[in-house]
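Please keep the structure open while reading.

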Amino acid sequence: MKKLISLVLAALMALTLFAACGKSDNGGTTDNNDNAEVTGTVSTDGSTSMEKVIMSLGEAFQADNKGITVGYNPTGSGSGITAVSEGRCDIGLASRALKDDEKASGLKETVLALDGIAIIVNPENKVSDLSIEQIAKIYTGEITNWKDVGGADAEIVLIGREAGSGTRDGFESITDTKDACKYRQELTSTGDVITTVAGNPNAIGYASLASVKDTVKALSVGGVAPTEATVSDGTYAVQRPFVLVTKDGTELSAAAQKFFEYATGAAAADVISAAGAVPVAK
Amino acid sequence: MKVKTKNLIENIVHGIFLVLGLVTVASVLMITVYLIVSGIPAIKEIGLPNFLLGKKWASTAAEPSYGILPFILTSVYGTAGAIVLGVPVGFMAAVYLAKMANKRVRTVVVEAVSLLAGIPSVVYGLVGMMVLVPGIRKVFNVPDGASLLAAIIVLAIMILPSIIKVSMTSLEAVPREYEDASLALGATPTETYFRVSVPAAKSGIAAAVVLGVGRAIGEAMAVMMVSGNAPNMPELFQSVRFLTTAVASEMSYSSGLQRQALFSIALVLFLFIMLINATLNFLLKRDKSNG
């Protein structure tokens, strides 16, 4: 009896091994099935700030194109750009313009939308407007008390994002505070920043305008409140592009091409603004 | 014939188990080799003294500097703090549970300890972030509660289960005769536990502490959520970054030398853990040879 059981077990184990191999083989072949009928998957990879926009676009696109699945891998702008240059995804997502050396390596950027970066404080904070210079001074540690900018007598707690984050890069390059910010906390996601600012009356942080919730107060910058209209006409100063990154000279798969055209087309504009960003397509 | 089939099956089963066993060994080897291979280049480029003793970490600056001394010290201080807070509590709890508690209390508390061990670290982090961090800000009247202290408290609670359970096991393994002899000589039960049982179980308890150190130094998620993550030199109320969180927080967006340096940090962390494991093995072996 024991013998029998062990034999069956051994056979089962061997089978599972083969089954696993078989599966991965199948996975490999379906990818190449991009024939006349447009089916398949579009893999996008990159900026976590673009999650909302890309997910909404993907959903709307899939509703009209049943055979195509749009996948999104939230890894960050840098990783997304690397992924597309190494051919690990169809479209890379970056929440910043490509650097010159990235363009030189054969990558092409297509601006999908604009995103305002909101400067957020706790709702208890009396301050409701700061100039870019004041923001820069606060983040570089020149102004350390809220009373110097019209608030309560309390130390300012600077909340920021981790090195390499697209939002941090965007914020620091717009306010010209690159490498000079004296962060009290460096958090790894937009959600963390919002939660932390909502929990500390003396905190100031920055987050993608699309993600800002009622738990925090978005400041106006130089008298201009962050809204879709002010971002789109350029009067709200703290903004950055959402970019689709593709490889120059390399053709996208039929499915990816279709998604790319849809996302940059006029039809997608409503979806993009519903997701909180400002579309650029005319 | 029958013997032959039996042997064949025996061999096949043996083979399968050997392969499954080797999976672990292969994983360890692969990780070690991978870490060393990907961790060395950045250390070479930055220079070992600059890397280990540099006080400034600015990985994405125009002139980047990659000094990880703040992370090393933070990990050491944080772990030491967690041990200072966690070990007395865990040790006393273990003595109580192993020797003094009545059966019903013991069952309930042991269940609770097991449950504590099973809570995912992200939950510790979340509770720390929502309750502990604002609490520290109010109680100590500091501008921000995300600090080394918050991380130490979270870590101290996280290492309790390992300390309690391992100490309990070794205390329970102390031969009954030792205690009986002590009691027969007129010592009170408390004297017996602390003068006889605890010394007899001391290497097991030491192993428990080392296990706690290992758990604390390797924890990333929970401390990332409560420590603030700014690369400062460690101070109790300052926002700090641990070796683990240094890797975890920058990995997703990193590139080039920055990414390589993160692997180097992982290598340093790996060496720390290896050292702790070696200590643990040494203590456990000594325990075995002693009795």
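Contact here means heavy atoms within 4.5 Å. By that rule, 33 residues of chain B are in contact with 32 residues of chain A. The model is predicted, so local features need pLDDT of at least 70 and side-chain atom pairs count only at pLDDT 80 or more, while totals for chains, interfaces and linings use all residues. Residues are numbered from 1 along each chain as its sequence is written, chains are lettered from A and ligands numbered from 1 in the order in which they are written, and side-chain values use heavy atoms, with hydrogens and water left out.

**The interface**

Chain B and chain A bury about 2,500 Å² between them, with 54% of it on carbon and sulfur atoms. Buried area is the accessible area (1.4 Å probe) that two parts lose on being put together, summed over both.

Two salt bridges cross the interface of chain B and chain A. The rule asks for a side-chain nitrogen of Lys or Arg within 4 Å of a carboxyl oxygen of Asp or Glu. B:Asp144 forms a salt bridge with A:Arg184, with the closest N and O atoms 3.7 Å apart.

Which elements give two or more residues to the side of chain B that touches chain A? They are α1 (2–46), α5 (121–139), α11 (243–251) and α12 (256–290) of chain B. Helices are DSSP runs (H or I, at least four residues), numbered from the N terminus. The largest share, seven residues, comes from α1(B).

**Aromatic pairs**

Rings of Phe, Tyr and Trp (its six-membered ring) pair if their centres lie within 6.5 Å; planes under 30 degrees apart count as stacked, over 60 as edge-to-face and the rest as tilted. Over all chains, the count comes to twelve aromatic pairs. Two of them involve A:Phe61.

| Pair | Type | Centre to centre | Angle between planes |
|---|---|---|---|
| A:Phe61 and A:Phe259 | edge-to-face | 5.1 Å | 70 degrees |
| A:Phe61 and A:Tyr262 | tilted | 5.4 Å | 40 degrees |

A:Phe61 lies in helix α2 of chain A and A:Tyr262 in helix α9 of chain A, so this pair ties together parts that are 201 residues apart in sequence. A:Phe61 counts as buried at 2% relative accessibility. A:Tyr262 is buried too, at a relative accessible area of 17%. Buried means under 20% relative accessible area, exposed over 50%, partly exposed in between (1.4 Å probe, protein chains only).

Elsewhere, ring pairs link A:Tyr139, A:Phe171, A:Tyr183 and A:Tyr206 into a cluster.
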